[in-house]
Amino acid sequence: MDKDKRISNAVIRRLPKYYRYLKELLRNEIYRTSSNELSNMTGFSASQIRQDLNNFGGFGQQGFGYDVFNLSNEIGKIIGADKNYKIMIVGAGNIGQAIANYTGFYENGYEVIAIFDNNPSLVGSTIKDITIKDIADVEAYLSENFVNIAVICTPKSVSQAIADVLIKCGIKAIWNFAPSDIKGPDDVSIENVHLNESLFSLTYHYNKREREK
């Protein structure tokens with residue numbers, strides 16, 4: 001079995017956080033760190049961090065710790081942060097507009113190149129110099145333009161139908177913000193994002209501490 005398939009999704013989800021804090025160390029001109037220092041920054045235990053990194057070769061040296069620059073580069077390669085990606089957004093409502101306007105994506109190699117919607121009052125207007133196109137034209141657009149990632153920000157009533165069209169057109173990665181999980185074939189990567197789940201987690205911890213008082 002391929003090694004990547006044996007690595008749990010929980011490990012993969014921790015890697016971007018390691019990457020973010022390593023980049024922060026580099027910005028502060030700190031070039032060496034340890035699992036204990038990373039533990040203090042990330043909130044994960046030092047042993048957990050070492051176990052996670054050992055899945056990919058370890059990268060550390062006994063008595064030295066981690067070379068921040070090299071570790072950052074290696075994790076960047078693992079999560080694909082060393083490449084550039086072209087993104088399209090379907091749904092130009094509040095979430096779609098927020099994603100299109102978020103400068104952090106552009107700084108990390110993610111470029112929004114197209115936005116689609118079915119609202120006549122939005123079609124033809126622009127977000128960051130990108131003209132919003134009619135969703136009816138999405139298949140024609142994808143027949144002539146390559147897109148790495150599609151972002152779905154539509155109502156849940158149409159999200160699966162939109163995903164089906166995108167998949168039929170060759171999209172292999174979907175970031176779904178619709179309030180309903182979408183599904184696709186095994187060769188399509190799908191990340192279903194539910195903002196309220198994160199909020200519920202926050203309110204759980206908040207209420208737990210309130211009860212403990």
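Author: Let us begin with a term: two strands are said to pair if DSSP finds at least two bridges between them. The model under discussion is a predicted one.

Reader: Which strands are the edge strands of the open sheet?

Author: The sheet is formed by seven strands with mixed pairing, in the order β5-β6-β4-β3-β7-β8-β9.

Reader: At about what angle does α9 run to β7?

Author: Helix α9 covers residues 156-168, and β7 covers residues 149-152. The helix lies across β3, β7 and β8 (173-176). Its direction relative to β7 is at about 165°.

Reader: Which element gives the most residues to the largest nonpolar core?

Author: This core has 20 residues, and those touching the most other members are M88, L142, I152, L166, I171 and I174. Two or more residues come from each of β3, β4, α8 (138-144), β7 and α9. With four residues, the element that gives the most to this core is α9.

Reader: Which residues does I174 touch, apart from those up to four places away in sequence?

Author: I174 is among the core residues that touch the most other members. Once residues up to four places away in sequence are not counted, I174 touches A150, I152, A163, I167, I182, V188, S189, I190 and E191.

Reader: How many residues does the second, separate core have?

Author: The second core includes F105, I127, I132 and V151. Its number of residues is 18.

Reader: Is D129 buried or exposed?

Author: D129 lies in the loop between β5 and β6 (130-134). Its C-alpha atom is separated by 9.7 Å from that of I113, 16 residues apart along the chain. A residue counts as exposed at over 50% relative accessible area. Because its relative accessibility is 78%, D129 counts as exposed.

Reader: Is α2 roughly parallel or roughly perpendicular to α4?

Author: The axes of α2 (residues 9-27) and α4 (residues 46-54) come within 11 Å and cross at roughly 105°. Angles of 65 to 115 degrees count as roughly perpendicular. The arrangement of α2 to α4 is therefore roughly perpendicular.

Reader: How many of the residues in the contact of α2 with α4 are charged?

Author: From α2 the contact takes V11, R14 and Y18, and from α4 it takes Q48, I49, D52 and L53. These residues divide into four nonpolar and one polar, while the number that are charged is two.

Reader: Is T42 buried or exposed?

Author: T42 is placed in helix α3 (residues 35-42). Its neighbours within four places in sequence aside, T42 is in contact with K17, Y18, Y21 and I49. Buried means under 20% relative accessible area. With a value of 6%, T42 is therefore buried.

Reader: What is the relative accessible area of S35?

Author: S35 is also placed in helix α3. Residues up to four places away in sequence not being counted, S35 touches A46, I49, R50 and Y66. S35 is buried, and its relative accessible area is 9%.

Key: Residues numbered from 1 in each chain as written. Predicted model: local features only at pLDDT ≥ 70, side-chain atom pairs only at ≥ 80, totals over all residues. Heavy atoms only, no water. Core = buried A, V, L, I, M, F, W, Y, C linked by side-chain atoms within 4.5 Å. Buried < 20%, exposed > 50% of the residue type's maximum accessible area, 1.4 Å probe, protein only. Contact = heavy atoms within 4.5 Å. Axes fitted to C-alpha atoms, helices over the stretch in contact; angles between N-to-C directions. Parallel < 35°, antiparallel > 145°, perpendicular 65-115°, else oblique. Nonpolar A, V, L, I, M, F, W, Y, C, P; charged D, E, K, R; others polar.
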